[in-house]
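Colleague: Could you walk me through this one? I have a few quick things to ask.

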4 protein chains.
Amino acid sequence: MRRILKAAILGSTGLVGIEYVRMLSNHPYIKVSYLAGRGSIGKPYGEVVRWQTIGQIPKDIANMEVKPTDPKLMDDVDIVFSPLPQGAAGPVEEEFAKHGFPVISNSPDHRFDADVPLLIPEINPHTIALIDEQKRKRDWKGFILTTPLCAAQGAAIPLAPIYMNFKMDGAFITTVQSLSGAGYPGIPSLDIVDNVLPLGDNYDNKLVKEVSRILNETKRTIDQDNISLGATTHRVATIHGHYAVIYVTFKEDISIEKIRESLDSFSGEPQKLNLPTAPEKPILLTNQDTRPQVYFDRWAGEPPGMSVVVGRLTQINRRTIRLVSVIHNTVRGAAGGGILAAELLVEKGYISKR
Amino acid sequence: MRRILKAAILGSTGLVGIEYVRMLSNHPYIKVSYLAGRGSIGKPYGEVVRWQTIGQIPKDIANMEVKPTDPKLMDDVDIVFSPLPQGAAGPVEEEFAKHGFPVISNSPDHRFDADVPLLIPEINPHTIALIDEQKRKRDWKGFILTTPLCAAQGAAIPLAPIYMNFKMDGAFITTVQSLSGAGYPGIPSLDIVDNVLPLGDNYDNKLVKEVSRILNETKRTIDQDNISLGATTHRVATIHGHYAVIYVTFKEDISIEKIRESLDSFSGEPQKLNLPTAPEKPILLTNQDTRPQVYFDRWAGEPPGMSVVVGRLTQINRRTIRLVSVIHNTVRGAAGGGILAAELLVEKGYISKR
Amino acid sequence: MRRILKAAILGSTGLVGIEYVRMLSNHPYIKVSYLAGRGSIGKPYGEVVRWQTIGQIPKDIANMEVKPTDPKLMDDVDIVFSPLPQGAAGPVEEEFAKHGFPVISNSPDHRFDADVPLLIPEINPHTIALIDEQKRKRDWKGFILTTPLCAAQGAAIPLAPIYMNFKMDGAFITTVQSLSGAGYPGIPSLDIVDNVLPLGDNYDNKLVKEVSRILNETKRTIDQDNISLGATTHRVATIHGHYAVIYVTFKEDISIEKIRESLDSFSGEPQKLNLPTAPEKPILLTNQDTRPQVYFDRWAGEPPGMSVVVGRLTQINRRTIRLVSVIHNTVRGAAGGGILAAELLVEKGYISKR
Amino acid sequence: MRRILKAAILGSTGLVGIEYVRMLSNHPYIKVSYLAGRGSIGKPYGEVVRWQTIGQIPKDIANMEVKPTDPKLMDDVDIVFSPLPQGAAGPVEEEFAKHGFPVISNSPDHRFDADVPLLIPEINPHTIALIDEQKRKRDWKGFILTTPLCAAQGAAIPLAPIYMNFKMDGAFITTVQSLSGAGYPGIPSLDIVDNVLPLGDNYDNKLVKEVSRILNETKRTIDQDNISLGATTHRVATIHGHYAVIYVTFKEDISIEKIRESLDSFSGEPQKLNLPTAPEKPILLTNQDTRPQVYFDRWAGEPPGMSVVVGRLTQINRRTIRLVSVIHNTVRGAAGGGILAAELLVEKGYISKR
């Protein structure tokens, strides 16, 4: 049995912070020992948190005090999870890495640093080797590892097995995302009731850029030239769960059955290593005509919310297919993805008891 | 000045029925003279109708009695508008056509009869000539003309100028549709709050089939082989207005600016003939990064709701573009489209005072 | 340790049926052995159920076949839970009672039979004695016990300790109820998006009548004349959880602190007997200015959803107070209340292994 | 015919600002000549405004430039409408009044100044005489007049005829308010989807205080001692329209029919003077069991949204009744109420061409 690792959660009262707290409250060897926050320092976590998820605030955590985001106060912390917002995250995460902490970040600020992994543990686990280079180049004892944008994961997870095994030409993505992806207070209610809200070029491009990098980092069975991706992103009045419709085009005729098999059999290091937060299947396929649905499929898998549900798999023409995915954005797409990354890093020797 | 034509509205208390009533209350030469219904016969329209649209029930209409759906009671009616639901519409519309009425139908039952027009007045106006064949073959004094599925119109209207002028290869459509498209009671609330509801293969295929037929009936400046269409359709918790994301692929490199021009300058018979319900522009282009939005753009144009708003026009790669459209499903996509069709038929001599 | 009792759930695929399945999947001595349904007989439960609640369908239950609602097929069943809809429930429940089954009903059909208990276990547990009279008069081996309307429970639970201990004059209730209370398909989405839907006189009166009966059946420390109740009931676009604002008037000056104490210390037979589904506190008081809220408080207590959260306790004038409650309508207000009733009946010897 | 008065609208791009623009675009003698704003100065109004109301931005207004909130730039302005937010409004309004402008304010900052009217034109028109005192005491050429909180008007308008004619004892109000009442960005979407949001003591008390003042300023046919009011206020996911349930208690037995008559015949100065924005009936009574509803009744009256719809009128006991109201919060409850106030002031000689 492993020794217990102590975790600090930055932004612990936020929408991803609460999922870290919830998921770690049952973790076999990672235990929350430090709840960092901003506005509510000194107050009991249970009094200040907006617990917008399933279950109840774990009782022992509810009584813990929210503390400052200061590496010098975290002597006995072994891992730092950082779901801080864009802009705020960058310098804070660097400071923690300098102070020797392994930082698992769900924030965009360092996602495209050349020496920082952008990790989906099932897809590009070998990229954690970038950490060696990062520590050497930056002369840090700690390091930063990032996980992709929640919506990028909802597209990249089903696209990875397809890209790895078939001659893809492109993918045209349309997302219908939930409100929690924008944090709190996030989207004003008057923008979303009786409306569909486009997120605009900037968000579209971010999604394309992240999915591209991740697919490029897969280990492929075939040579792949560049593929062409397009994304159109939106929010609607759902609380959790990002929905995506993906049309995939190929350079040669494809068989929908082979695509189905590659999705169904998709599995990676986390499954091989039997990591505690790894779902048995990263992709759960459904054949139902009107599934997946955000409400009914976002909590799929075990741990709940760690599997992406893929369905509506259809051949459009000889070289084009369509599929649909639902991902739980704050679980698989953020906190759960971060915990799974931490488990992989522990297994590979990148994180240990200090 | 034209003589006043008297119109009967079948299903007049339904969601499309009320738009017919609202739009015709100001019409220069079509006047509602018969409100047909089912459950509420004998009662004043204003007491039984669910007025889920803008404005108030026109006072003279509010006091009119709802009457049976019986051609024999409609001696002085010149036009029949039929937004009856699938299945119910078919035989009723035939009966009215047999009795000599011009029937403008928004229902699917006769959309693929070979001798029945499936009309978007700006796109395939010449297909009204099918009516001659229809009357001859069926030995009817009246006739049936249909308008397409609301969601098909939201895709076909922006695709038409592109298809007519450029070598399209295919189009991959994702719709996010409103609740009123399903009628009342329609979608159960528990299916839609905090959810995205896929409509399934049947609906997807219907949309593809209708858009294909309409595009095939355009007058093209270039030869077009077959194109490949895919559609993925959904409902979310919006009341009116269908949103569509469309990726269009081409057989040769295209220029986004030329596409933009073809959309911006798109216009048809209704504009040429200055029909009363024709919007100045069937397509209103927006360059705003987060528009069109369902709430803010569904009532675009004049008459309100008769223009389709198109935006997010973007080049994805040399041979692929992306655009987004918002259409008011019960106005342009149903009642308004039906009235515009009637006006074209009047102009072309297919409907006259009996 | 108790012997395992086998339970049949009628209407098992409905919104209350699924809560019975979920809550009983961990029950110490009641086990689901028969899933009755209507439309989906012969199919695996997991394939046909709309699992609109937390957690996932228990795996062993998912594979069970849905079976007919027929007492003759339920030889080894010890308890029948009946969340059947109004009208359908009445004759079916009688048939089961005649066949010797204890029937715990969440349906209105028998709620006002003079010999049928209308039970909230913490409030009027002594009324289970009506069962003796019922069996004798009707010459049944089994019996029917009912639980009140979900919304009536949300009002009756906080009113009970007040009524028992203070000279109440009246209560003026306004409810804002969730969609699941109307079942599926239930409320049409077009009635509820961007709307507040009044439920009308019939529903208002039902609530008043049930709360009146329950309060009259409390054991009071003081004499009470008749009180006057008023209710105004609504639905809004919430999925689960009924919200109620209650103004309570008194015949003499009251102290808000004494009211608070009576609510906070409220407890009953289920707590005394330590029944497995009894929450430690039937009423959880909150002092937060903007709580309770439906989203954040409906799952309160342990088991989740079994406590009613009461807050906004305020003195309006010397003889009037205001309070607000949130109840989970399909848990405490239906399935959970039914299971708690069953546990009380087991404890009192009214249900045993057949 | 009157001379045209030129109006400036402060906060013209806000949710009340747009209703001023919309309603004044057809006004017989008040014309928008100055659009003041903050963030978007120098830009065309049509490009920066979020037009969250019916109809389209009037074309002439769309091209007007948004300008600074500076009285020195408004030489030819005759009236200033100020729907500025709390805190910001106070000093700005004083500055405009000092500069000689009549300021009609929808903001709370001056509502309880002893020399400032808090006006509902049908209820307390004589209070405009306070303006004389205000100008004298403050030595201002201009003045400030305020209109009440939107939700207070939804309660005060139906309570006024009751209070004026019957021996009221108290009123217990529960509101279910729309999002637009909180402005933009206002309520975060994650607070309102699948939720009912209490507004807390501060808001409750504000409503009580305003309704009390207004009722005290009515001209009564009978002596009234103090009455006792209670309010519990909420928001739900509706865009426009505040809903209120009001239980009214009396000091003597009352007749529901007499109450009904007093509501139905309620009328005031604006109706007598036939002011352009005065609805024929300030209160529209409905007898339908499930009306009023927010979606269907908020635009009642002519001009649309100027009548309050009252229904569910029911006798609870000999001395208690229940009624329900729907008011359009940004129309009757804000901009429309402000314009009606301006018309009364013009008629009474308090505003004229400068």
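This is a predicted model: local features need pLDDT of at least 70, side-chain atom pairs count only at pLDDT 80 or more; totals for chains, interfaces and linings use all residues.

Colleague: Which residues of chain A does the UniProt "active site" annotation cover?

Modeller: The annotation, from an unreviewed entry, covers A:Cys150 and A:His242, and although they are spread over 93 residues of sequence, the largest C-alpha distance is 7.9 Å.

Colleague: Where does A:Cys150 lie, and is A:Cys150 buried or exposed?

Modeller: A:Cys150 lies in helix α6 of chain A and, at 11% relative accessibility, counts as buried because the cut-off is under 20%. Beyond its sequence neighbours, A:Cys150 touches A:His242, A:Ile327, A:Asn329 and A:Gly333.

Colleague: And what about A:His242?

Modeller: A:His242, in strand β11 of chain A, is buried with a relative accessible area of 2%, and a polar atom of its side chain lies 3.0 Å from the backbone nitrogen of A:Ser178.

Colleague: Switching to chain C, why is β9(C) described as largely enclosed?

Modeller: 5 of the 5 residues of β9(C) are buried, so the strand is largely enclosed by the rest of the structure. C:Ser228, C:Gly230 and C:Thr232 point one way, with C:Leu229 and C:Ala231 pointing the other way, while 5 bridges join β9(C) to β7 of chain C in a parallel arrangement.

Colleague: Last one: where does the largest nonpolar core lie in chain D?

Modeller: That core has 44 residues, with α6(D) giving the largest share, 10 residues. Domain 1 and domain 2 of chain D both contribute residues, so the core lies between them.

Key:
Residues are numbered from 1 along each chain as its sequence is written. Chains are lettered from A and ligands numbered from 1 in the order in which they are written. Side-chain values use heavy atoms; hydrogens and water are left out. Buried means under 20% relative accessible area, exposed over 50%, partly exposed in between (1.4 Å probe, protein chains only). Helices (H or I, at least four residues) and strands (E, at least two) are DSSP runs, numbered from the N terminus. Two strands pair if DSSP finds at least two bridges between them. A nonpolar core is a set of buried Ala, Val, Leu, Ile, Met, Phe, Trp, Tyr and Cys residues joined through side-chain atoms within 4.5 Å. Domain bounds come from an automatic or database domain assignment. UniProt positions are given in the numbering used here, feature names are shortened, and annotations may be inferred rather than shown by experiment. Contact means heavy atoms within 4.5 Å. A polar contact is a pair of N or O atoms within 3.5 Å; within protein, one must be able to donate a hydrogen and the other to accept it, and residues adjacent in sequence count only if both atoms are side-chain atoms. Lists of a residue's contacts leave out its neighbours within four places in sequence.
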